[in-house]
Amino acid sequence: MSDGVQYANPRASGLNAEGLAQLPGHLPGPLHGPLVGVEWLAARLGVPGLVVLDASVGARREAEQRIPGARVFDIDGALSDHSGPLPHTMPGADRFAEEMRALGVHDGDTVVVYDGAGIYSSARAWWMLRAMGFDRVAVLDGGLPAWAAAGLPLESGGPAPAVPEGDFTARPRAGFVVGSGEVSAALDDPASAVLDARARERFSGTAPEPRAGLRGGHMPGAVNLPFVEIQREGRMLPVAELRTAFAGLAGERERLVFSCGSGVTACVLALGAELAGYRELSVYDGSWSEWGLPSERPVVTGANG
């Protein structure tokens with residue numbers, strides 16, 4: 001972070017879109033939900049105890065610009081388990097803690113995650129941290145595009161400077177990340193709903209899967225809520241609209257399990273559901289990359305259900 005970067009005045013914008021109170025003193029302040037706006041972050045950028053993580057994937061991971069001081073949360077690389085054939089699966093607790101410490105994350109820090117697409121892979125980083133017992137984390141609404149559109153400073157050049165090692169402790173939570181067995185049980189459970197974040201054409205089986213060797217279609221009993229449909233211009237829909245979207249598919253069911261292609265955009269649905277007030281949430285780590293493989297796991301085509 002260069003000394004010449006200028007940041008927004010924390011008193012200039014008042015409350016942000018989420019109604020968060022102004023920053024007390026010099027501390028990052030409490031998070032009042034899983035989402036923060038660019039005004040909230042700009043007012044606190046560079047404050048001790050605040051860590052910003054860039055969780056971009058694919059081509060956006062190689063972007064030349066970033067939010068000043070951001071550190072790379074590499075879902076394509078070290079922050080996935082590459083010991084098996086499935087992409088983007090959770091690393092073990094020890095490995096995760098090691099990577100977080102290398103990123104300089106401390107147990108008492110406040111973490112904001114973003115990505116270069118808006119809200120895409122940042123939700124995966126948020127959910128992974130939550131699954132490892134870390135709650136002081138939020139997603140930047142609109143991500144890097146919203147930050148740049150607001151005229152806020154960007155940093156370019158080589159890798160971010162090295163940081164002192166943190167003391168992050170992984171405390172894995174049961175049920176946050178589940179396997180195919182738990183998903184099968186949820187499909188048979190009238191109190192649970194399985195929501196698929198893939199595009200409607202992939203869900204129905206009318207479009208081919210982007211990964212070779214996978215069957216087209218969806219799990220019998222699953223319902224489709226493409227992750228892009230709970231966003232508007234790269235930002236999450238207002239809470240009332242999120243509640244309507246989820247209630248229309250889940251009905252009275254309160255246990256929600258999310259799937260997608262490889263466990264990344266399923267976490268966007270988890271973010272939306274948490275904003276909407278749901279609390280019994282799980283992400284299917286293997287997602288369609290596992291379920292869609294040739295096997296005895298049932299697959300159907302067509303619309304929801």
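## Contacts and the nonpolar cores

Two residues are in contact when they have heavy atoms within 4.5 Å of each other. In this predicted model, Phe-246 touches Leu-195, Leu-225, Ile-230, Gly-251, Leu-256, Phe-258, Leu-269, Gly-272, Ala-273, Ala-276 and Tyr-278, with residues up to four places away in sequence not counted.

The largest nonpolar core has 59 residues, and those that touch the most other members are Phe-73, Phe-168, Phe-246, Leu-256 and Phe-258. Helix α8 (residues 266-276) gives the most to this core, with 9 residues. Another core lies apart from it and has 18 residues, including Val-38, Trp-40, Ile-67 and Trp-147.

## Model confidence

Mean pLDDT for the protein chain is 90, and 91% of the residues reach 70 or more. Over residues 1-26, pLDDT stays under 50, and the model has 44 contacts beyond four places in sequence for this stretch. Where pLDDT is low, the predicted coordinates should not be read in detail.

## The five-stranded sheet

An open sheet of 5 strands, paired in parallel, has the order β1-β6-β5-β2-β4. Its edge strands are β1 (35-36) and β4 (71-72), each of which pairs on one side only. The parallel pairing of β1 with β6 (residues 137-140) runs over 2 bridges. Leu-35 has Val-139 in β6 as its bridge partner.

## Helix α3

Helix α3 (residues 122-131) lies across β5 (110-114) and β6, and runs at about 175 degrees to β6. The helix is mostly covered, with 10 of its 10 residues buried. Among them are Trp-126, Trp-127, Met-128 and the charged residues Arg-124 and Arg-130.

The buried residues of α3 pack against α2 (93-102), β5, β6, β8 (177-178), α8 and β14 (280-284). Just after the helix, Gly-133 takes a positive phi of about 85 degrees.

## Salt bridges

The whole structure contains 12 salt bridges. In one of them, the side chains of Glu-155 and Arg-66 meet at 2.9 Å, N to O. Glu-155 lies in strand β7 (residues 155-156) and Arg-66 in strand β3 (residues 65-66), so this pair ties together parts that are 89 residues apart in sequence. Both Glu-155 and Arg-66 are buried.

Arg-95 and Glu-99 form a salt bridge at 3.2 Å, N to O. Both lie in helix α2, 4 residues apart, about one turn of the helix. Arg-95 is partly exposed, with a relative accessible area of 38%, whereas Glu-99 is buried at 18%. Arg-130 forms a salt bridge with Asp-135, with the closest N and O atoms 2.9 Å apart. Arg-130 counts as buried at 13% relative accessibility, while Asp-135 is partly exposed, with a relative accessible area of 43%. Salt bridges with shared partners join Arg-130, Asp-135, Arg-173 and Glu-274 into one network.

## The segment after α9

Val-299 lies in the segment after α9 (287-291). With a relative accessible area of 24%, Val-299 is partly exposed, because buried requires under 20%. Leaving aside neighbours within four places in sequence, Val-299 is in contact with Arg-215, Gly-216, Gly-217, His-218, Pro-220, Trp-288 and Trp-291. Val-299 and Arg-60 are 239 residues apart in sequence and 32 Å apart in space, C-alpha to C-alpha.

Notes: Residues numbered from 1 in each chain as written. Predicted model: local features only at pLDDT ≥ 70, side-chain atom pairs only at ≥ 80, totals over all residues. Heavy atoms only, no water. Pairing = 2+ DSSP bridges. Axes fitted to C-alpha atoms, helices over the stretch in contact; angles between N-to-C directions. Core = buried A, V, L, I, M, F, W, Y, C linked by side-chain atoms within 4.5 Å. Buried < 20%, exposed > 50% of the residue type's maximum accessible area, 1.4 Å probe, protein only. pLDDT = per-residue confidence, 0-100. Salt bridge = Lys/Arg side-chain N within 4 Å of Asp/Glu carboxyl O.
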